[in-house]
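Please open the model in your viewer and keep the sequence panel at hand.

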Amino acid sequence: MLVLVSGGSASGKSKYAEDLVTAAPEGPRLYVATMEVWDAESRRRVERHRAMRAGKGFRTEERPRRLGELTPPPGAVALLEDLSNLTANEWFGPEGREGAFDRVLSGVEKLSREVACTVVVTNELFSDGVAYDRETADYLDCLARLNRAVAARADQVYEVVCGIPVCWKGA
């Protein structure tokens, strides 16, 4: 099963995604962390997410790039947090934008084939009306295409707004 959970910043999407994973049938719980820690703000975000997961039985795998190289435990329920960071890390990282879309999508597909359930968190970054520089606009286009591709493959798609999940696909 593949589930996509989208939402704006601080919408409650991460909590909802964690709730989906903790409600899933027994099995190893895998948290695939994609954020690279660059500054105090990113450290605070990582610590907040670690506190949210505390005591819930997650094994954390740091995977800011090359998701396809991950070998998850059999029967795991995986939470990928998040597609936006993973895409940015691939897009702006050493391998560059060429092939970033394919690297990310093939990694998500591989993960979802190898575990019992994959919950993917992504950000809604497309409603702010800001005109971005070309490089950022190209990254956002890549992320939008990935969001659509994962949603098309997903069994369930949710958007979390003000802490309220809205189901757009599946039950």
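Which backbone nitrogen does the side chain of glutamate 90 reach? The model to be searched for the answer is a predicted one.

**First selection: glutamate 90 and arginine 66**

Select glutamate 90, which lies in helix H3, a helix spanning residues 83–92. Its side chain reaches the backbone nitrogen of arginine 66, at 2.7 Å. Glutamate 90 has a relative accessible area of 2%; since the limit for a buried residue is under 20%, glutamate 90 is therefore classed as buried. Display its surroundings next: beyond the neighbours within four places in sequence, glutamate 90 is in contact with Arg65, Arg66, Gly96, Ala100, Arg103 and Val104.

Move to arginine 66, in the loop between strand E3 (58–62) and strand E4 (77–81). Arginine 66 is partly exposed, because its relative accessibility is 42%. Apart from residues within four places in sequence, arginine 66 is in contact with Glu90 and Glu95.

Now select threonine 34, in the loop between strand E2 (29–33) and H2. With a relative accessible area of 0%, threonine 34 is buried. Two backbone atoms are within reach of the threonine 34 side chain: the oxygen of glutamate 81 at 3.0 Å and the nitrogen of aspartate 82 at 2.8 Å. Residues touched by threonine 34, not counting those up to four places away in sequence, include Arg63, Pro64, Leu80, Asn85, Leu86 and Asn89.

Stay with glutamate 81 and aspartate 82, and inspect the bond between them. It is a cis peptide bond, with omega about -5 degrees. Most peptide bonds are trans. Aspartate 82 itself lies in the loop between E4 and H3.

Which position carries the UniProt annotation "active site"? In the unreviewed entry, that annotation covers His49. Histidine 49 is placed in helix H2, which runs over residues 40–53. Histidine 49 counts as buried because its relative accessibility is 8%. Setting aside residues up to four places away in sequence, histidine 49 touches Ser14, Glu18, Tyr31 and Glu81.

Display the largest pocket, which holds about 430 Å³ of space. To centre the view, select Ser9, Lys13, Arg45, Asp82 and Asn123, which lie nearest the pocket centre among its 26 lining residues. Colouring by helix shows that H1 (13–23), H2 and H3 each supply at least two lining residues. The largest share, five residues, comes from H2. Colouring by residue class then divides the lining into seven nonpolar, 11 polar and eight charged residues.

Most residues other than glycine have a negative phi. Select alanine 10, in the loop between strand E1 (2–7) and H1; its phi is positive, near 60 degrees. Alanine 10 is exposed, with a relative accessible area of 80%.

Finish at cysteine 162, in the loop between strand E6 (156–161) and strand E7 (164–169). Cysteine 162 has a positive phi of about 55 degrees, although it is not a glycine. Is cysteine 162 buried or exposed? Cysteine 162 is exposed, because its relative accessible area is 73%.

Notes
Residues are numbered from 1 along each chain as its sequence is written. This is a predicted model: local features need pLDDT of at least 70, side-chain atom pairs count only at pLDDT 80 or more; totals for chains, interfaces and linings use all residues. Side-chain values use heavy atoms; hydrogens and water are left out. On a 1 Å grid over the protein atoms alone, a cavity is a set of points where a 1.4 Å probe fits but cannot get out, and a pocket is an open set with protein on both sides within 12 Å along at least five of seven lines; lining residues have an atom within 4 Å of a point. Grid points are joined across faces, edges and corners, and a volume is the space filled by probe spheres set on the points. Helices (H or I, at least four residues) and strands (E, at least two) are DSSP runs, numbered from the N terminus. Ala, Val, Leu, Ile, Met, Phe, Trp, Tyr, Cys and Pro count as nonpolar, Asp, Glu, Lys and Arg as charged, and the others, Gly among them, as polar. UniProt positions are given in the numbering used here, feature names are shortened, and annotations may be inferred rather than shown by experiment. Buried means under 20% relative accessible area, exposed over 50%, partly exposed in between (1.4 Å probe, protein chains only). Contact means heavy atoms within 4.5 Å. A polar contact is a pair of N or O atoms within 3.5 Å; within protein, one must be able to donate a hydrogen and the other to accept it, and residues adjacent in sequence count only if both atoms are side-chain atoms.
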